[in-house]
Amino acid sequence: MLTDEIENAKRLVRTDAYQMSIGEIVSLYDDGEIIIDPEFQRLFRWGNSQKSRLIESILLGIPLPPIFVFEKEDAKWELVDGLQRLSTLLEFMGKLRTPEGMKERPSILESTKYLPSLHNCVWEKSEKIEDVDVDNQIEVGKINQLAIRRARIGVEILKRPSDEQTKFDLFQRLNAGGTIANAQELRNCVMLMVNKEYFRMVKSLAETESFRQITGFTDDQKDRQKHMEFATRFLIHCFTSYDGKLDVEEYIDDGTVKLCRLNNIPDARSVFIRTFDLLFAAVGENALRRFEGGRYVQKVGLVGLEGIAVGVAKNIDNILNLADPKSYVRDRSQAFWAQQESAGFTSPGLRGTVRLTRTVPFGEKWFCP
């Protein structure tokens, strides 16, 4: 019953809320009591105009949205949402640290709509600031420093013993409606939250030569993390099952966390590399493209990934034991598109939930020697 599900889910979440000054939050960061993962932080960053508008808002007294933190077992807070705002403030003050623990270069502001005098404005003059000589830097001044430090911001706390899964769900739900990060950028952040080594493994696989040649993503698509999305989806389809009930994006989100926790790095790497090396050796850069009328057409899409790449992966050991695995994969991948079942994979209006229940099972069966 829905009522029971709501009550059970509520028991997994305990929250609290404070109003704190920015100065207090900065002190917590200095003392190591609020944690911003530097690697997580570098996945996506605000531009200078966005940073300047944040400082403008504080100086004008415009209320800031709350930040969300997760209370760890040692009572320290881990930042879940508010990364850009807090990073911007720490960087402007010259306190933001690199992954190696060194201080980042302080930022310098630019003119804003209401405060054009923020141009070249800094917390304190510094030779470390790029592009602008010290003589041309303008300090924000003690009065405005105090105004920034005293400005208050809400802190929403997920307290123990909240289920850790709620941390990942909260992060994605808070950010999914924004324009700063797309779905895969959010998954990248979740991977880093759960298992840094798994994230680094997926990132390295997405940059392998055979995979890059086969997917053929442009620089713009890579900037939007399309290569990471395809690599992540491939591994999820290989190692987790889909029952067709969850929305596909939710299934991919949940699968990301499951694989990070499973931590099957050797198996994942082996299946990925052997599959895409074989596909590239057999068919080349056209391995996942539609074969029609004796030639390859269209761009690489999810049907090719789910039906062909995952189909080969699920049979990789048996295929490699064949006398001529490359010819087998080439012939089967070309014939894949001519099958009656395949014609229905791209029907107009076909929901992703339905497509996925068809492509992966068919591909697994089709590429079975």
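Which residues does Arg-105 touch, not counting residues up to four places away in sequence? Arg-105 touches Glu-91, Lys-128 and Glu-130. Contact here means heavy atoms within 4.5 Å.

This is a predicted model, in which local features need pLDDT of at least 70, side-chain atom pairs count only at pLDDT 80 or more, and totals for chains, interfaces and linings use all residues. Residues are numbered from 1 along each chain as its sequence is written, and side-chain values use heavy atoms, with hydrogens and water left out.

**The whole chain**

The chain has 19 helices and 9 strands. Helices (H or I, at least four residues) and strands (E, at least two) are DSSP runs, numbered from the N terminus. The chain holds 369 residues, and 49% of them are buried. Buried means under 20% relative accessible area, exposed means over 50%, and partly exposed lies in between (1.4 Å probe, protein chains only). Take the contacts in the chain with a separation of 6 or more: residues 24 or more positions apart account for 70% of them.

Start with strand S3, residues 67-71. 5 of its 5 residues are buried, so S3 is largely enclosed by the rest of the structure. Both faces are covered. Ile-67, Val-69 and Glu-71 lie on one side, and Phe-68 and Phe-70 on the other.

S3 pairs with strand S4 (residues 77-81) in the antiparallel sense, over 4 bridges. Two strands pair if DSSP finds at least two bridges between them. Phe-68 has Asp-81 of S4 as its bridge partner. Val-69 is partnered by Leu-79 in S4. The hairpin of S3 and S4 has 5 residues between the strands. In this hairpin, Ala-75 takes a positive phi near 75°.

S4 is also buried in 5 of its 5 residues, so it is largely enclosed by the rest of the structure. Strand S2 (residues 34-35) pairs with S4 too, in the parallel sense and over 2 bridges. Here the bridge partner of Ile-35 is Glu-78 of S4.

**Helices H8 and H9**

How far apart are the axes of helix H8 and helix H9? The axes of H8 (residues 183-194) and H9 (residues 196-205) are 5 Å apart, and the helices pack at an angle of about 135°. Axes are lines fitted to C-alpha atoms, for helices over the stretch in contact, and angles run from 0 to 180 degrees between N-to-C directions. H8 and H9 are therefore oblique to each other. Angles under 35 degrees count as roughly parallel, over 145 as roughly antiparallel, 65 to 115 as roughly perpendicular, and the rest as oblique.

H8 makes the contact with Asn-188, Met-191, Leu-192 and Val-194, while H9 brings Lys-196, Tyr-198, Phe-199 and Val-202. These residues divide into 6 nonpolar, 1 polar and 1 charged. Ala, Val, Leu, Ile, Met, Phe, Trp, Tyr, Cys and Pro count as nonpolar, Asp, Glu, Lys and Arg as charged, and the others, Gly among them, as polar.

Helix H14 has 19 residues. From its first C-alpha to its last, H14 reaches 27 Å, close to the 27 Å expected at 1.5 Å a residue. The expected span of a helix is 1.5 Å times one less than its number of residues. Buried residues of H14 include Ile-265, Ala-268, Val-271 and Phe-272. H14 is followed by Gly-284, with a positive phi near 80°.

Helix H17 (residues 325-336) has 12 residues that should span 16 Å, and its end C-alpha atoms are 16 Å apart, which agrees. Its buried residues are Pro-325, Ser-327, Tyr-328, Val-329, Ser-333 and Phe-336. They pack against H14, H15, H16, H18 and H19.

| Residue | Relative accessibility | Class |
|---|---|---|
| Arg-105 | 48% | partly exposed |
| Gln-225 | 18% | buried |
| Asn-263 | 39% | partly exposed |

Arg-105 lies between helix H5 (83-92) and strand S5 (121-122). Its C-alpha atom is separated by 8.7 Å from that of Phe-92, 13 residues apart along the chain.

Gln-225 sits in the loop between helix H11 (219-223) and helix H12 (226-239). Gln-225 is not a glycine, yet has a positive phi of about 70°. Asn-263 is in the loop between helix H13 (248-262) and H14. Phi of Asn-263 is positive, near 60°, in a residue other than glycine.
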